[in-house]
Amino acid sequence: RILRSAVEAIYAGWWWLVLGIVAVVIWLPVTLVPMVSFCRCVVRLGIKLFVGLVGIQITIEGQANLPPGAKVLVSNHSSYLDGLILLAALPGDYHFVAKKELKNSIWTGPFLSHLGTKFVERFDAQRGVGDLAELRDSIAIGDTLVFFPEGTFRRVSGLLPFRSGAFACAAQGGVALVPLALMGTRHILRSESWFPRWGQVQIKIDQPLEPSDSSWSGVLELRDRTRERMLELSGEPDLVYE
């Protein structure tokens, strides 16, 4: 047990050392250069270097299920690593949708903006409606959006309730919605913990779901269908009824 604990501590130290060096190397050029294609390339290379050096193995199933053109991708959320893993692993260009609070930070605002991130207001309903309209306009010009509809994550396993924004974008924008199941990141770095562990990450891309219509009932129906698929794909318990 002592030997195992020592090995785990050495690995955790190496993990944070590599992440810190990669973060410093990529943060400055991405923050200073407002060119989305360049910034995405830099960050993807940095993340791939990081996961390679710390031994995180990523496997993807179902890439053929990604339809061409504009679409909405939704993924479960279980760790701070989720966005990094998807950014490195998913093919093509897409825009993450993140909470607007991140835009106001000097450390995350320019960095995420230069990666093409779309920011939405979570607490002001009137501003949220305006943000949703901007997301629909983004879809209309061919952009693909990536959402974490749970909005947050917990230390324990399980799928939290879904917010409706991603499903409104797909239904009202008239595009397919593709559920993703991301597994393994919670084991590597849990919420409320700064002690990373070695692990493997698996991404399952489900077949696209077509919205039934653009009404509010259609939005909720799409949300519920997606959640059922996500529960099946991820194998995680349902936390709605906690």
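**Questions on a predicted model**

Reader: Why is Glu 192 called exposed?

Author: In this predicted model, Glu 192 has a relative accessible area of 72%, and because a residue counts as exposed when that value is over 50%, Glu 192 belongs in the exposed class. The residue sits in the loop between α7 (185-188) and β7.

Reader: What makes the phi of Glu 192 worth a remark?

Author: The phi angle of Glu 192 is near 70°, which is a positive value in a residue other than glycine. Most residues other than glycine have a negative phi.

Reader: Why does Met 35 count as partly exposed?

Author: Met 35, placed in the loop between α1 and α2, has a relative accessibility of 47%; since buried means under 20% and exposed means over 50%, with partly exposed in between, the value puts Met 35 in the partly exposed class. As for distances, Met 35 and Ser 75 are 40 residues apart in sequence, and their C-alpha atoms are 26 Å apart in space.

Reader: Why is Arg 227 called buried, and what does its side chain reach?

Author: The relative accessible area of Arg 227 is 9%, and because the limit for buried is under 20%, Arg 227 is classed as buried. Arg 227 belongs to helix α8 (residues 216-234), and its side chain reaches two backbone oxygens, that of Leu 159 at 2.6 Å and that of Leu 160 at 3.0 Å. With the cut-off for a polar contact set at 3.5 Å, the distance to Leu 159 and the distance to Leu 160 both lie within it. Beyond four places in sequence, Arg 227 touches Leu 159, Leu 160, Pro 161, Phe 162, Asp 238, Leu 239 and Val 240.

Reader: What makes up the largest nonpolar core, and which helix gives the largest share?

Author: The largest nonpolar core has 40 residues, and those with the most contacts inside it are Trp 15, Val 43, Phe 50, Ile 56, Leu 86 and Ile 203. Several elements each supply at least two residues of this core, including α1 (2-32), α3 (82-89), β3 (95-99) and β6 (177-183), while the largest share, seven residues, comes from α2. Apart from this core lies another, of 24 residues, among them Phe 167, Ala 170, Leu 177 and Leu 222.

Reader: How do you know that the radius of gyration agrees with that of a compact globule?

Author: For 242 residues a compact globule would have a radius of gyration near 18 Å, and because the protein has 18 Å, the two agree. The C-alpha atoms fill a box of roughly 60 × 40 × 35 Å along the principal axes, and 46% of the residues count as buried. Among contacts between residues at least 6 apart in sequence, 72% join residues at least 24 apart.

Terms used. Residues are numbered from 1 along each chain as its sequence is written. This is a predicted model: local features need pLDDT of at least 70, side-chain atom pairs count only at pLDDT 80 or more; totals for chains, interfaces and linings use all residues. Side-chain values use heavy atoms; hydrogens and water are left out. A nonpolar core is a set of buried Ala, Val, Leu, Ile, Met, Phe, Trp, Tyr and Cys residues joined through side-chain atoms within 4.5 Å. Buried means under 20% relative accessible area, exposed over 50%, partly exposed in between (1.4 Å probe, protein chains only). Helices (H or I, at least four residues) and strands (E, at least two) are DSSP runs, numbered from the N terminus. A polar contact is a pair of N or O atoms within 3.5 Å; within protein, one must be able to donate a hydrogen and the other to accept it, and residues adjacent in sequence count only if both atoms are side-chain atoms. Contact means heavy atoms within 4.5 Å. The radius of gyration is taken over C-alpha atoms; the globule rule is 2.2 Å times the number of residues to the power 0.38.
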